[in-house]
Amino acid sequence: MASYFEILLSITVILIACYYYAVSNFDFWKKRGVVGPTPIPFFGNTKDIMFAKTSIRHYIKTTYDQYKNEPMIGFYLMKEPSLILNDPELIKHVLIRDFSNFADRGALVHEKTEPLSPHLFNLEAERWRPLRKRLSPVFTSGKLKEMFYLIIECSQHLEKYLAKEVEKGEPLECRELTARFTTDVIGSCVFGIEMNALADERSEFRQMGRDFFDTSSFESVSRNKMKELFPKLYDFLGYIIPERRLSSSFTKAVTDIIKYRQENDIVRPDFINMLMDLKTHPEDLNNIELTDFLLTAQAFLLFLTGFETSSTTISNALYELAVNEDIQNKLREEIMEYCSKDKGELKYETVKEMEYLDKVFKETLRMYPPGSLLFRNATSNYTFDGTTVSIPKGTTIWIPVFGLQRNSDIYPNPDSFDPERFNEDAVAARHPMHYLPFGDGPRKCFGPRFADYQTKIGLIAILRNYKVDVCEKTSIPYEFDPAAFLLTPKGGIYLKFTKVQS
């Protein structure tokens with residue numbers, strides 16, 4: 001029988017071995033001359049993330065602020081070295097010039113745990129390239145012009161809905177209001193159906209959106225933390241705790257739409273039609289297996305990004321316009337001027353001509369970028385241009401969009417809302433990599449034009465009819481929800497709406 005001393009010695013040896021394993025990589029960045037925060041054993045630099053005190057997005061922003069004068073910052077996710085890029089030329093190399101070395105995002109596709117996760121945002125380069133090539137034409141200028149009248153129809157439903165709600169005399173929660181509008185737009189333009197999110201509080205698609213972005217339940221928080229910090233374990237648990245409800249509901253909805261169109265010989269110039277064509281003619285897809293889940297995953301991505309990013313941008317714009325009344329008045333003057341043309345009928349070209357609206361849109365995206373953080377994964381060993389810093393294949397690169405766009409050296413008084421930051425001279429004076437709300441390069445968001453028009457038409461519909469003001473329920477200053485997937489406010493955005501006298 002082993003003595004207590006032998007047992008104690010064995011435990012000590014095991015603990016020492018575990019400790020040295022946990023810190024064995026912590027000289028990775030020091031050997032390469034890259035500065036960064038000091039890691040701690042077993043956690044690296046992720047202790048606060050693991051204990052849900054902050055999100056990875058806010059951690060990257062805080063670290064960027066601390067080292068913003070450095071071209072790059074080394075840190076550790078547990079024991080794995082990762083790199084934050086600050087220098088705009090290095091960012092340009094990663095996103096554009098040397099894209100072939102960073103074609104992957106490095107996101108694990110959890111096909112067992114989340115059957116709808118193999119979409120264009122997550123997919124590895126081998127499947128991403130052919131799918132992107134076939135699906136990206138859905139948002140060309142020509143297609144957008146065809147969809148324009150559908151967005152206008154949804155904006156008219158928004159106006160009618162608002163008229164009823166404003167009569168109640170209560171402040172409105174803008175994120176829910178705008179999410180219903182954008183859900184209807186996505187339904188009409190992408191799926192060819194009326195989702196009725198504005199008219200029906202129990203809309204199935206609106207509920208799916210709420211479920212996906214829910215940050216209040218223990219299950220959603222636990223899943224997100226495990227996915228961020230223990231992706232391989234999360235993938236393994238897919239055999240035990242697969243996400244069935246949302247995946248099954250959405251897949252059934254999309255397959256029902258496709259079946260109905262096939263049975264009734266319906267052809268529409270939308271995304272569902274492109275998926276149908278993809279399944280019928282998969283010749284140039286490099287033998288990719290087109291399962292129902294893979295096809296539906298592409299529609300799922302478009303649904304989520306189409307309604308959530310635009311609705312968040314509209315509500316954030318309304319918040320800033322309520323706080324900055326002079327900017328709101330100037331924007332309304334422009335809207336009224338252009339809406340008085342063509343007998344009040346809004347045209348595709350008219351929206352494009354509204355210069356101040358465009359500045360407001362871009363300044364909103366600067367302060368509240370939908371993609372607050374970009375990440376890429378090195379697909380081969382790589383040495384950064386003009387440096388001696390080399391990284392091995394598999395290293396994750398983080399680009400701190402939120403940090404860059406709130407940097408006072410790039411944007412003076414960065415927390416103030418100033419649309420004039422986007423006049424021609426100001427834009428020309430900045431490096432293009434200092435404004436990346438939709439990313440850049442081949443893997444940038446492929447629907448920015450659609451987001452542009454959807455957001456602007458929503459703002460036009462609201463502001464030509466109503467003045468927005470802060471009220472007792474408005475949170476000032478704006479406080480971010482640390483658990484949210486996107487940069488969203490804690491507790492929502494409540495504003496007072498008052499009818500504008502024509």
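Trainee: Which does Pro-130 count as, buried or exposed?

Mentor: Buried means under 20% relative accessible area, exposed means over 50%, and partly exposed lies in between (1.4 Å probe, protein chains only). Pro-130 has 8% relative accessibility, so Pro-130 counts as buried. Note that this is a predicted model: local features need pLDDT of at least 70, side-chain atom pairs count only at pLDDT 80 or more, and totals for chains, interfaces and linings use all residues. Residues are numbered from 1 along each chain as its sequence is written, and side-chain values use heavy atoms, with hydrogens and water left out.

Trainee: What does Pro-130 touch, not counting residues up to four places away in sequence?

Mentor: A contact means heavy atoms within 4.5 Å. With that rule, Pro-130 touches Ala-125, Asp-284, Leu-285, Asn-286 and Ile-288. Take Asp-284: Pro-130 and Asp-284 are 154 residues apart in sequence, yet their C-alpha atoms are 7.1 Å apart in space. For the protein as a whole, residues 24 or more positions apart account for 73% of the contacts with a separation of 6 or more.

Trainee: Which helix is Pro-130 found in, and how many of the residues of H6 are buried?

Mentor: Helices (H or I, at least four residues) and strands (E, at least two) are DSSP runs, numbered from the N terminus. The protein has 20 helices and nine strands. Pro-130 is found in helix H6, residues 125-135. Eight of the eleven residues of H6 are buried, so H6 is largely enclosed by the rest of the structure.

Trainee: Which residues touch the most other members in the largest nonpolar core?

Mentor: In soluble globular proteins, nonpolar side chains tend to be buried together. A nonpolar core is a set of buried Ala, Val, Leu, Ile, Met, Phe, Trp, Tyr and Cys residues joined through side-chain atoms within 4.5 Å. The largest one here has 94 residues, and Leu-162, Phe-191, Leu-318, Phe-450 and Phe-497 touch the most other members. Helix H14 (residues 292-323) supplies the largest share of this core, 15 residues. A second, separate core has 29 residues, including Trp-29, Tyr-76, Ile-91 and Ile-391. Across the protein, buried residues make up 54% of the 502 residues.

Trainee: What is Leu-318 in contact with?

Mentor: Leaving aside neighbours within four places in sequence, the contacts of Leu-318 include Cys-174, Thr-178, Leu-459, Ile-462 and Phe-497.

Trainee: How many salt bridges does the structure hold?

Mentor: A salt bridge is a side-chain nitrogen of Lys or Arg within 4 Å of a carboxyl oxygen of Asp or Glu. The structure holds 24 of them. In one, Arg-406 and Asp-415 meet at 2.7 Å, N to O. Arg-406 is buried at 13% relative accessibility, whereas Asp-415 is exposed at 57%. Salt bridges that share partners also join Asp-358, Lys-362, Asp-452 and Lys-456 into one network.

Trainee: Which parts of the chain does the pair of Lys-330 and Glu-420 link?

Mentor: The closest N and O atoms of Lys-330 and Glu-420 are 3.6 Å apart. This pair links distant parts of the chain, 90 residues apart: Lys-330 is in helix H15 (residues 325-339) and Glu-420 is in the loop between helix H18 (401-405) and H19. Lys-330 is partly exposed, with a relative accessible area of 42%, and Glu-420 is partly exposed at 30%.

Trainee: Which residues form a nonpolar patch on the surface?

Mentor: Patches are made of residues with over 30% relative accessible area and no salt bridge; like charges are joined within 9 Å, and nonpolar side chains (Val, Leu, Ile, Met, Phe, Trp, Tyr) within 5 Å. Accessible areas come from the Shrake-Rupley method with a 1.4 Å probe, and for residues only the protein chains shown count as cover. Here Tyr-4, Ile-7, Ile-11 and Leu-15 form such a patch, with about 470 Å² of accessible area together. Tyr-4 is in helix H1 (residues 4-23) and is exposed, with a relative accessible area of 75%. An α-helix has 3.6 residues a turn, so residues three or four places apart point the same way. The whole protein exposes about 24000 Å², of which carbon and sulfur atoms supply 53%.

Trainee: Which residue does the UniProt annotation "binding site" cover?

Mentor: The annotation, from an unreviewed UniProt entry, covers Cys-445. UniProt positions are given in the numbering used here, feature names are shortened, and annotations may be inferred rather than shown by experiment. Cys-445 is in the loop between helix H19 (424-429) and helix H20 (448-463). Cys-445 is partly exposed, with a relative accessible area of 33%.
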